[in-house]
Amino acid sequence: MPLKKGVKFTEDGQRLDVGDGFWRTATARGTYKFYMDDPVVEQVVFFGTMREAGNPVSLVLRLKIEDQQIAEIETIVIRTGMNPSRPADTGAEAFEKLGGPDPLFLEEIPPAERVSRDELARTANKYFSGMQLNDGKGDYSFFADDCSRIENGQLATQGRNTVADGAAPATSYTVKQGCRAQFETGLIHFVTRIRDRRFVVLDTMHGVALAFTFFDHAAGNTRTFQTPDGKTVTAGPTNPWTWEIAEAFKVQNGKIHRILAIFQRCPYGMNSGWSSWEDGMSDKARW
Amino acid sequence: MRTRFLKGCFGGFLLVICAASPLRVARAADESCDRACLEGMIDQYLAAMTAHDPSRLPLAKDVKFTEDGVQLQLGDALWATAGSLGTYKLVFAEPESGSVAAYAVVQENGSGALLMVRLKVVKRRITEIETLVARKPTTSILNTDNLTEPHPIFLETVPEGDRPSRQEMVSTVGKYFDGIEQGNGDIVPFDAECVRIENGIQTCPGSASSPLGALSCGAQLSTKIFTYIQSVNPRRFPIVDRERGLVLAIVRFNHPGTQQTVEVPGRGRMTMGRYSQWPNSTQIAELFKIKDRKIREITAVIVTAAYRAPMGWE
């Protein structure tokens, strides 16, 4: 590999020597592959599947290129047991069943409709701002009518429908709802902070924005809140923990059409290894 | 030195008065924190935490707080979720270094969690707060129901003439971690009756029905079943309580995931523990009772972490 002197490598937020961690245990490539690149800042991100001692794992890989050499390597490796709601599932098998990314991610935006990098990032960031301490009262018109979301290989929204056609239980949104309807429930309040929002790919040609970030669940008094219809609800995680996330957005005409996320559980408040403590704790987006 | 002292005492004119100044003596006494003072700090800490109110604590201006190796604002994480305290509370201290720590059970929205908290106190103000919190499901083994009160041996006082030096006690405990790395219980000075409790569950000696049978702590190590723990580092020994014969070690076990099985004499090839299967680490606060210069009792708080995740104090 063309490694730049002083190359920095992290796995799951921890700085390691290149050659350690997954480098010692990876055994084969998987079949799911999705590359997102940003030539302006010379960064590329790969969402894919791999094998580790024969077990399927999901991999997020970011490379930063300088002088045609690799200067930064950031990885998240999702292994069995790291997802409390689906402890036996890394998402890798589900990704491989999908075959590849939704074709919409790969379609070019007509030149006349392309927006600036700033505008692309700002639109995608509305998703994080609308979810953090979600109250159901925001302006969620940034979701396109055909919006859908895939999380660790699983469809997390109802098809392409933004209408609340799935009846939500009293304390939780449901995958039977669309992107917008889920936000309108006000029941995603338990995501108390979305911090260290680093947009590392802003591909204006394809309308693709990709951010590394963390979803905190503080689980304290924020568990009790009011929904838009005035009901008092107590819901969400019962102890503090965090999702370590890489999330890609397809944005066109100022609206989010597709969302693709890979994530795993990590210690509450963890730093990415790429941010100062202050930036790591801030909910301000950076690019 | 003499010159500096004199300048500090009004240029030397009032040397005699200065040296004997009641104000100065009183201030020195006010600033020290003996064992009772340190243990009182733990009580204050636990009370403030369950009240979700850090302002009740005597905090230094730049106090540093970590939970599970992550630096956070004091008031966040377990401070926001802690419910009632259980009956289990094990406190120990090293007054010489202004250090005190406790193991305690705390309810968190209906589930028991096991807390280790270490405080560093300077001039009666808390400058460092390090915590590890074992919870489900991030910890594979945890049973807080077993933890109702500390084993009395941890509270026994060692007669003054029989207390080993700090250095010797740390060296004794260091051999335990060497024994894990090397898969050799023979190099560890275990008492024949040594018992180890991890997150409330006895893990040595084993039971007759466990995969290794009823092996002692040392014999377990010698099977090499734990050599997937390729290294124990960093190793810190922030508290040595010589009065009670206790050593607190805060360490990280590193599991690179490169060895999953081992040949155990008499038992054939065995699969190692769950954490041998992929690169990961565990962050551990382990308390050792040293009796007659041997390791007599061990109790540990263990938290799963990313491979080589910093503990926040290196």
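Domain bounds come from an automatic or database domain assignment. On that basis, chain B splits into domain 1 (35–144) and domain 2 (152–305). The C-alpha centres of domain 1 and domain 2 of chain B are 24 Å apart. The model is predicted, so local features need pLDDT of at least 70 and side-chain atom pairs count only at pLDDT 80 or more, while totals for chains, interfaces and linings use all residues. Residues are numbered from 1 along each chain as its sequence is written, and chains are lettered from A and ligands numbered from 1 in the order in which they are written.

The two domains of chain B touch. Two residues are in contact if their C-beta atoms, placed from the backbone, lie within 7 Å. By this rule, 22 residues of domain 1 of chain B meet 21 residues of domain 2 of chain B. Helices (H or I, at least four residues) and strands (E, at least two) are DSSP runs, numbered from the N terminus. On the domain 1 side, the elements giving two or more residues are β3 (82–94), β4 (99–108), β5 (111–122) and β6 (125–134) of chain B. β3(B) provides the largest share of that side, four residues. Residues were also sorted by class: Ala, Val, Leu, Ile, Met, Phe, Trp, Tyr, Cys and Pro count as nonpolar, Asp, Glu, Lys and Arg as charged, and the others, Gly among them, as polar. The domain 1 side of this contact holds 12 nonpolar, seven polar and three charged residues.

The chains also touch each other. Chain A contributes 26 residues to the contact and chain B contributes 29. On the side of chain A that touches chain B, β2 (14–16) and α1 (22–25) of chain A each supply at least two residues. α1(A) gives the most, with three residues. The chain A side divides into 12 nonpolar, nine polar and five charged residues.

Chain A contains six helices and 15 strands. Its radius of gyration, taken over C-alpha atoms, is 18 Å. The C-alpha trace of chain A spans about 60 × 45 × 40 Å along its principal axes. A residue is buried if 20 or more other C-beta atoms lie within 10 Å of its own, exposed if 12 or fewer, and partly exposed in between, with C-beta atoms placed from the backbone. Of the 287 residues in chain A, 49% are buried. Among contacts in chain A with a separation of 6 or more, 63% join residues 24 or more positions apart.

Chain B has seven helices and 14 strands. Its C-alpha trace spans about 80 × 45 × 35 Å along the principal axes. Buried residues make up 42% of the 314 residues of chain B. Of the contacts in chain B between residues at least 6 apart in sequence, 65% link residues at least 24 apart.

Helix α4 (residues 117–131) of chain A was examined in detail. This helix has 15 residues and reaches 22 Å from its first C-alpha to its last. That is close to the expected 21 Å, where the expected span is 1.5 Å times one less than the number of residues. Buried residues of α4(A) include A:L120, A:A124, A:Y127 and A:F128. An α-helix has 3.6 residues a turn, so residues three or four places apart point the same way. The buried residues of α4(A) pack against α5 (179–184), β9 (193–203), β10 (208–217), β13 (241–252), β14 (255–266) and β15 (285–286) of chain A. After α4(A) comes A:L133, with a positive phi near 50°.

Some backbone angles also stand out. A:A53 is not a glycine, yet has a positive phi of about 50°. A:A53 sits in the loop between β4 (43–52) and β5 (55–66) of chain A. With 14 C-beta neighbours inside 10 Å, A:A53 counts as partly exposed. In chain B, K123 also has a positive phi, near 50°, and is a residue other than glycine. B:K123 lies in the loop between β5 and β6 of chain B.

Chain B also has cis peptide bonds. One joins B:C204 and B:P205, with omega about -5°. B:P205 is in the loop between β8 (201–204) and α7 (217–222) of chain B. Another runs from B:N233 to B:P234, with omega near -5°. B:P234 belongs to strand β9 (residues 231–241) of chain B.

Note on methods. Rg over C-alpha atoms; globule rule 2.2 N^0.38 Å.
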